[in-house]
Amino acid sequence: MKVYISADIEGITGLVSWSQCSRPDGKSFDYAFARRMITHDVNAAIRGARAAGATEVVVKDSHGNSKNILIEDLEPGVELISGHGSGTDGMVMGIDETFDAAMLVGYHAMAGTLGGVMEHTITGGVHGIWVNGIPTGEMGLAAGVAGRYGVPIVTVTSDTAGCREAEALIPGVITSSTKEGFGRYMGRLLHPSETGPAIEKAAHDGIVNLAAIKPHVYAEPTQIRVEFNRAEEADMCARLITVDRVNGYTVEATYPTYQEAHRVVWNLMAMSFIGIDSQH
């Protein structure tokens, strides 16, 4: 059995702020701790998947610069997809129809979710994303790509709010909460000695429950709508062919396939950063 694991960082054990898990710079004083914790949670998922019969595991590092997981501390025998390149499948780059199941480890709730620790959708500049009119976060975006390859998301680990989001998105998914949010940068955290076994069990049970979980598939043609926090972020996005400006903050477009729509979402994020820089 072949299993794919995509790992984000905000929903990982022990983390509540960007100063811990943003990226390797002077502002993230606790980044070394975050790297240990993301590796800890991913390892638990690997062990659980293997206990349920996984014979091949591929891990995708999907946070920030995508160079967070400590490969030397990963469970032996897995492969790690790290860094940024020319791929177009975003946070599940490397997944394809040969995988039997996928897991999202350390993911977070979408922008605006009450009680979501570090809740956001891709960037802090996004107020909301809708796919076919449905509010969608990073879990939904990733699940849609996996689903188009016929791969179901069987396990999600996050904070409590993120787990609720996953359960509403994917019927039958097995979740494991690492913390309960008391606001965007505060939470009641479970100890690693508790989250490790809990994630391991969720991964195991997700694989066991595989037959009952369907791939998440969006209707096609697929419409996307992105609402940014600031008009200058939308300004540059509106320059893209096929993208329509809805109002000062919002753009939308429709594409023949979800895969194309998903690809454009990530291109819109890149364009929004150019818009922000235009003020200087």
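A: Happy to! Let's begin with the neighbours of helix H7: its buried residues pack against strand S5 (126-131), helix H3 (138-148), strand S11 (222-228), helix H6 (231-237) and strand S13 (250-255). Keep in mind that what you see is a predicted model.

Here is the helix itself. H7 covers residues 258-277, 20 residues in total. From the first C-alpha to the last, H7 reaches 29 Å, close to the 28 Å expected at 1.5 Å a residue.

Which residues of H7 are buried? They are Tyr 258, Gln 259, Ala 261, His 262, Val 264, Val 265, Leu 268, Met 269, Met 271, Ser 272 and Gly 275.

Five strands make up an open sheet, and their order is S6-S5-S11-S13-S12, with antiparallel pairing. At the edges are strand S6 (134-135) and strand S12 (244-245), each of which pairs on one side only. H7 packs on this sheet and touches S5, S11 and S13. The direction of H7 makes about 20° with that of S11.

Let's go through the pairings, starting with S5 and S11. These two strands pair in the antiparallel sense over five bridges. As a landmark, look for Ile 129, which stands opposite Val 226 in S11. On the way to the next strand, S11 and S13 are joined by six bridges, again in the antiparallel sense. Here Ile 224 stands opposite Ala 253 in S13. Finally, S12 and S13 run antiparallel and are joined by two bridges. The landmark there is Arg 245, opposite Val 251 in S13.

What lies on the covered face of S11, and what on the uncovered one? The covered face holds Thr 222, Ile 224, Val 226 and Phe 228. The uncovered face holds Gln 223, Arg 225 and Glu 227.

Next comes the helix neighbour H3. Two packed helices are described by the angle between their axes and the distance between the axes. For H3 and H7, the axes come within 10 Å and cross at roughly 145°. H3 passes H7 in a left-handed crossing. On the H3 side, the contact is made by Gly 140, Leu 141, Gly 144, Val 145 and Arg 148. On the H7 side, the residues are Tyr 258, Gln 259, His 262 and Val 265. Sorted by class, this contact has four nonpolar, four polar and one charged residues. If you go back to the buried residues of H7, you will find Tyr 258, Gln 259, His 262 and Val 265 among them.

Asn 132 lies in the loop between S5 and S6. Its phi is near 50°, a positive value in a residue other than glycine.

Ile 122 sits in the loop between strand S4 (101-105) and S5. Although Ile 122 is not a glycine, its phi is positive, at about 70°. Ile 122 has a relative accessible area of 17% and is therefore buried, since buried means under 20%.

The last stop is on the way into S11. Pro 221 is found in the loop between H5 and S11. The peptide bond from Glu 220 to Pro 221 is cis, with omega near 0°.

To put the picture back together, picture H7 lying on the sheet, touching S5, S11 and S13.

Terms used. Residues numbered from 1 in each chain as written. Predicted model: local features only at pLDDT ≥ 70, side-chain atom pairs only at ≥ 80, totals over all residues. Heavy atoms only, no water. Helix = DSSP H or I, 4+ residues; strand = E, 2+ residues; numbered from the N terminus. Expected span 1.5 Å × (residues − 1). Buried < 20%, exposed > 50% of the residue type's maximum accessible area, 1.4 Å probe, protein only. Contact = heavy atoms within 4.5 Å. Pairing = 2+ DSSP bridges. Axes fitted to C-alpha atoms, helices over the stretch in contact; angles between N-to-C directions. Left-handed = near helix turned anticlockwise from the far one by under 90°. Nonpolar A, V, L, I, M, F, W, Y, C, P; charged D, E, K, R; others polar.
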